[in-house]
Amino acid sequence: MACENHTRVTEFILLGFTSNPKMQVSLFILFLAIYTVTLLGNFLIVTVTSMDPALQTPMYFFLRNLSLLEVCFTLVMVPKMLVDLVSPRKIISFVGCGTQMYFFFFFGSSECFLLSMMAYDRFVAICNPLRYSVIMNRSLCLWMAIGSWMSGVPVSMLQTAWMMALPFCGPNAVDHFFCDGPPVLKLVTEDTTMYEMQALASTLLFIMFPFSLILVSYTRIITTILRMPSATGRQKAFSTCSSHLIVVSLFYGTASLTYLRPKSNQSPESKKLVSLSYTVITPMLNPIIYSLRNNEVKGAVKRIIISKK
């Protein structure tokens, strides 16, 4: 349905978190600090896993890709959010909104599949250690990484193209801090049932399918660990998976609250906090989790620091 008696929306207003100027300044400082830590932490992981010879394994190859994904993921939203916090005009063009939405879906979907590839890597390492180097060879790891990155293309193209083709003829105030699907969908001036059905199907395929692969992998991993005769062996095996499990729980636990219930009765403020957790907080925590809980990463950082002296 075209906007017959109304002008089609050409820009959106992002309402963000608050209209209180003092609160906006405080949030700007807080989020700038978080974003700085996110960039430094993830670039540190990329640098360390690239430079240290001891970390040239599939596990750290995928970790390096995860850190690169996190940098790209936050780049889509956080800089614009920071600008809006100190700007009187919190405007984003129609094309800009669609572009932001596309890359948000792209990197989000890619991360889902990359996390499942990392789970498979741990499954092979623990359940089939003697053939690990043969199975997880360089070529397979490369194709798994490429497949993870490219998996975001179909869902991002479908979701964004369909969404932005819908009629936006009325209000243009998005009650969110970036152009996410559910809050933008509320501004559509026609029935969105078909889009919601497609969005749910896409969510099940591109979020729950890789999550199911992770569950299967860890079911096998836990079964194998429990069968190990040595307590030391069990502890060592579990320690190689614990960081990944924490990251998966943080990412999927918060994202599923938004995308499995796109029109839930949660207040807009609650939805913003949930979105903030997986778009801003989790990317900051990931390098901290992997570095603090991983002796090999900590050792590599020390070796690089000593070599630079």
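**Close-up legends**

**View A. Cys127 is partly exposed, at a relative accessible area of 23%.** Here buried stands for a relative accessible area under 20%, exposed for over 50%, and partly exposed for what lies in between, with a 1.4 Å probe and with protein chains only. Cys241 takes part in no disulfide, and the cysteine sulfur nearest to it, which belongs to Cys127, is 8.6 Å away; a disulfide is assigned to a pair of cysteine sulfur atoms within 2.5 Å. Cys241 itself has a relative accessibility of 1% and therefore counts as buried. The coordinates are those of a predicted model, in which local features need a pLDDT of at least 70 and side-chain atom pairs count only at pLDDT 80 or more, whereas totals for chains, interfaces and linings use all residues. Residues are numbered from 1 along each chain as its sequence is written, and side-chain values use heavy atoms, with hydrogens and water left out.

**View B. Cys97 and Cys179 are joined by a disulfide, with an S to S distance of 2.2 Å.** Cys97 belongs to helix 3 (residues 94-127), while Cys179 sits in the loop between strand 3 (173-174) and helix 7 (181-185), so the bond ties together parts that are 82 residues apart in sequence. Helices (H or I, at least four residues) and strands (E, at least two) are DSSP runs, numbered from the N terminus. The torsion about the S-S bond of Cys97 and Cys179 is about -120°, and the disulfide is therefore left-handed. Both partners are covered: Cys97 counts as buried at 0% relative accessibility, and Cys179 is buried with a relative accessible area of 0%. The structure holds one disulfide.

**View C. Ser67 lies in helix 2, which covers residues 58-85.** With a relative accessible area of 2%, Ser67 is buried. Once its neighbours within four places in sequence are left aside, Ser67 is in contact with Asn42, Ile45 and Val46, where contact means heavy atoms within 4.5 Å.

**View D. Ser148 lies in helix 5, which covers residues 138-150.** This serine, Ser148, is also buried, its relative accessible area being 3%. Not counting residues up to four places away in sequence, Ser148 touches Ser110, Phe113, Leu114 and Met117.

View E. The C-alpha trace spans about 70 × 45 × 35 Å along its principal axes. For 309 residues, a compact globule would have a radius of gyration near 19 Å, and the 21 Å of the chain agrees with this; the radius is taken over C-alpha atoms, and the globule rule is 2.2 Å times the number of residues to the power 0.38. Of the 309 residues, 50% count as buried, and among contacts between residues at least 6 apart in sequence, 80% join residues at least 24 apart.
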